Amino acid sequence: MQNCISGAGIPDTRYLSSPNFISFTLHCLTFLEIPVLSYGAYCILYKTPSRMKSVKLLMLNLHFWSCLSDLVISFVGLPYILLPAPAGYGLGLLDSPQILVYLMVTFIAALTASVLAIYENRFYTLFAQNSWWKKVRKPFLFSIYTLVPLIFLPPYFDLPEQESARQLVLSKIPCQPPFDFKHREIYVLALDYDVPVYCIAFGTLVLGVSITVFGWLIFHMLWFGTLSSSNSIRTLNMQRRFAISLTIQSTFMISVVLTPVLTILWIIFKWYHNQMLNNFIFITLSLHGVGSTIVMICVHRPYREFTFSKLCYFSKKWRASVIEKRSGGTLNVVL
């Protein structure tokens, strides 16, 4: 396992590998996230047209969990994780890494379940109101919502004794520079990855398969099936556009989460330690909410048109102000 710079036994003291770097970067990202996420919530609340009323609360729910998961990583928690060991530090407001890890996994699961809820709602509203699914959907959704807070509980039933676990983890990852940030202590979730990985794999399988099935059903029925006679061609085209926009948004969101998760699994499998890579993994995870909000504004026509209208308005106002100032300046010179 590569733990040291160039394999020479020298501790990795690069700034990009330090807790100071990830703390500073995530704090800076928080100042970016708050206005962007707030603007996304404003668009959903006040610029969602009446024809999208049935999914307004579901989109707001998705945005809510996206905001929470972002802020837990970038502000409340600030994870400094020592992968491949299941251990790390919490550098944020919450000096409780065990709670931080649980919240991170649970909020991401809630985010994924929110995507599933939107897909299920579209499928039920368009195609299944008079089918057997009408009786099954409530128990199904209840089981999904119940699963979310339970997915990552099993690792907490057998937590290791922390003092000996810390010594064991640090012995497996040599060449660690002294940790002197906020006097926090390392927290070890487990001595192996079996239970945490099985829990995450199970949750990913259930939610991922469900989203895929509903997504395929919606696209198949919209393009190759038929809507009821009460729906016009205009309604069909509107539903198709919404389905495409939702797919782009959810695909981006899931990809930004899935890529770091797959990287973490590769690190665990190879038992490879590179703290700079670890830092960038969690920086990437902290950006999924902002990225998803920007994609949402770009792909959903009502939000896009409202945003561009405001940008054009302020751009014209700024240019008029500049021209006015230049004209006034020229006039003073002439006089």
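**View 1. Transmembrane regions from the UniProt record, placed on a predicted model.** The unreviewed UniProt entry annotates "transmembrane region" at residues 21–45, 57–79, 99–119, 140–157, 195–222, 242–268 and 280–299. The model shown here is predicted. Residues 21–45 are 100% helix and 0% strand. The end C-alpha atoms of that stretch lie 36 Å apart. Residues 57–79 are 91% helix and 4% strand. Here the end C-alpha atoms are 31 Å apart.

**View 2. Helix H6 and its buried residues.** H6 runs over residues 194–224, 31 residues in total. From first C-alpha to last it reaches 43 Å, close to the 45 Å expected at 1.5 Å a residue. Buried residues in H6 include Pro196, Cys199, Gly203, Leu207, Ser210 and Phe214. An α-helix has 3.6 residues a turn, so residues three or four places apart point the same way.

**View 3. The largest pocket.** The space in this pocket is about 1200 Å³. It is lined by 45 residues. Closest to the centre are Val105, Ile108, Ile200, Thr204 and Val261. S2, H3, H6, H7 and helix H8 (275–285) each give two or more residues to the lining. H6 supplies the largest share, with twelve residues.

**View 4. The three-stranded sheet.** The sheet is open, with strand order S1-S2-S3 and antiparallel pairing. Strands S1 (79–81) and S3 (187–188) are at the edges and have a single partner strand each, so one side of each is left without a neighbour in the sheet. Strand S2 (residues 87–90) and S3 run antiparallel and are joined by two bridges.

**View 5. A cis peptide bond at Pro84.** Pro84 sits in the loop between S1 and S2. The bond from Leu83 to Pro84 is cis. Its omega is near 15°.

View 6. Leu78 lies in the loop between helix H2 (53–77) and S1. Its phi is near 50°, a positive value in a residue other than glycine. Leu78 has a relative accessible area of 0%, so it counts as buried. Trp271 is in the loop between H7 and H8. Trp271 is not a glycine, yet its phi is positive, at about 50°. With 27% relative accessibility, Trp271 is partly exposed.

Methods
Residues are numbered from 1 along each chain as its sequence is written. This is a predicted model: local features need pLDDT of at least 70, side-chain atom pairs count only at pLDDT 80 or more; totals for chains, interfaces and linings use all residues. Side-chain values use heavy atoms; hydrogens and water are left out. UniProt positions are given in the numbering used here, feature names are shortened, and annotations may be inferred rather than shown by experiment. The expected span of a helix is 1.5 Å times one less than its number of residues. Buried means under 20% relative accessible area, exposed over 50%, partly exposed in between (1.4 Å probe, protein chains only). Two strands pair if DSSP finds at least two bridges between them. On a 1 Å grid over the protein atoms alone, a cavity is a set of points where a 1.4 Å probe fits but cannot get out, and a pocket is an open set with protein on both sides within 12 Å along at least five of seven lines; lining residues have an atom within 4 Å of a point. Grid points are joined across faces, edges and corners, and a volume is the space filled by probe spheres set on the points.
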